[in-house]
Each structure stands twice: as structure tokens, then as C-alpha cells.
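Please look through the sequence and the model shown here before reading on. The paragraphs that follow go through it part by part.

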Amino acid sequence: MRTINLLAIHCSATMAGRPVTAADLKAMHTRPKPRGNGWSDIGYHFVIELDGRVVAGRPLRNVGAHIGGHNADSIGICYVGGIGSNGKAEDTRTPEQLAAMRQLLEQLRKD
């Protein structure tokens, strides 16, 4: 296992309430450039969907693609949302996402 020093929480930078799935994010990340990133896999290790479902992304043993300079020693977690109705960055986490994130973070800290 890699040495982990950081749990990095990201948002998908999608509109609040828009039902984006982990599969949608993986497609965005793996789609060839210029429409996607052209990566071999999703950049995050976990995605928390609007209903609080935690979906595994990249295997934990694999380095993520989510935080420049810290991919090798971090775990990337992404929640769906992050853009408010005004088009600006906002904490749009649903109660289900908040509960799932707390539980996931507690489990990862224990591990």
C-alpha cells in the first residue's frame, strides 16, 4: 500500500442537484482530449453521489489524478456538485452526502 498523508476532498464542479454519477465523471476523465482528459481511469478514489452513495473509483493502491504534487500520497474524494444556482462555487452537499462523507473519512482514518 502507498503511504497516505492526505485525504483530499473535491467537488465535481457541477450544478447543485444535477444528477451526475461516478460513471459520468469516469467518462469525462477517460474521454480522449479535447473533450475529456484522456486519462486511463477516473482521477478520484471515491465519488459521493447526490443520494449519499459512495462509489469506488481508482483502486486505493493506484496513484490518483486529483491534486498536483500530492497524488502519490493522497486519497482523492469527490462529491457531486459544488456550483450553486448563481453559477459560483458553493457548498452544495446534500445531507446524505455529508453523512456519507463523514462515515468515509472516519473509516479511511482508521484504516
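Is Glu49 buried or exposed? Glu49 counts as buried, at 7% relative accessibility. The word buried means under 20% relative accessible area, exposed means over 50%, and partly exposed lies in between, with a 1.4 Å probe and protein chains only. The model is predicted, so that local features need pLDDT of at least 70 and side-chain atom pairs count only at pLDDT 80 or more, while totals for chains, interfaces and linings use all residues. Residues are numbered from 1 along each chain as its sequence is written, and side-chain values use heavy atoms, with hydrogens and water left out.

We begin with the sheet. Strands, marked S, are DSSP runs of E with at least two residues, and helices, marked H, are DSSP runs of H or I with at least four residues; both are numbered from the N terminus. Four strands make an open sheet with mixed pairing, in the order S1-S5-S3-S4. Two strands pair if DSSP finds at least two bridges between them. S1 and strand S4 (54–56) are the edge strands, and each pairs on one side only. From one strand to the next the twist averages 25°; here axes are lines fitted to C-alpha atoms, for helices over the stretch in contact, and angles run from 0 to 180 degrees between N-to-C directions.

The pairings can now be taken in turn. S1 and S5 run parallel and are joined by six bridges. S3 and S4 pair in the antiparallel sense, over three bridges. Ile48 has Val54 in S4 opposite to it.

Strand S5 (residues 74–79) is mostly covered, with six of its six residues buried. In a regular strand the side chains alternate between the two faces of the sheet. In S5, Ser74, Gly76 and Cys78 point one way, Ile75, Ile77 and Tyr79 point the other way, and all are buried.

Next come the charged residues. A salt bridge is a side-chain nitrogen of Lys or Arg within 4 Å of a carboxyl oxygen of Asp or Glu. The whole structure has three salt bridges. In one of them, Asp41 pairs with Lys26, and the closest N and O atoms are 3.5 Å apart. This pair links distant parts of the chain: Lys26 is in helix H1 (22–30), Asp41 is in the loop between H1 and strand S3 (46–48), and the two are 15 residues apart. Asp41 is buried, at a relative accessible area of 15%, whereas Lys26 is partly exposed at 40%.

Glu49, the residue of the opening question, forms a salt bridge with Arg53, the closest N and O atoms being 3.2 Å apart. Arg53 counts as partly exposed, at 48% relative accessibility. A further salt bridge joins Asp91 to Arg93, with the closest N and O atoms 2.7 Å apart. Arg93 is partly exposed, at 27% relative accessibility.

What about a charged residue that has no salt bridge? Arg2, in the segment before S1, is buried and has none; the nearest side chain of opposite charge, Asp73, is 6.6 Å away. In this count Lys and Arg are positive and Asp and Glu negative, while His and the chain ends are not counted. The side chain of Arg2 has a polar atom 2.8 Å from the backbone oxygen of Ala72 and a polar atom 3.1 Å from the backbone oxygen of Ser74. Such a polar contact is a pair of N or O atoms within 3.5 Å; within protein, one must be able to donate a hydrogen and the other to accept it, and residues adjacent in sequence count only if both atoms are side-chain atoms.

Asn71 lies in the loop between S4 and S5 and is buried, with a relative accessible area of 19%. Its side chain reaches the backbone nitrogen of His66 at 2.8 Å, and a polar atom of that side chain lies 2.8 Å from the backbone nitrogen of Ile67.

Two backbone details remain. Lys33 and Pro34 are joined by a cis peptide bond, with omega about 10°, and Pro34 is in the loop between H1 and S3. Ala13 is not a glycine, although its phi is positive at about 60°; Ala13 is in the loop between strand S1 (6–11) and strand S2 (14–15).
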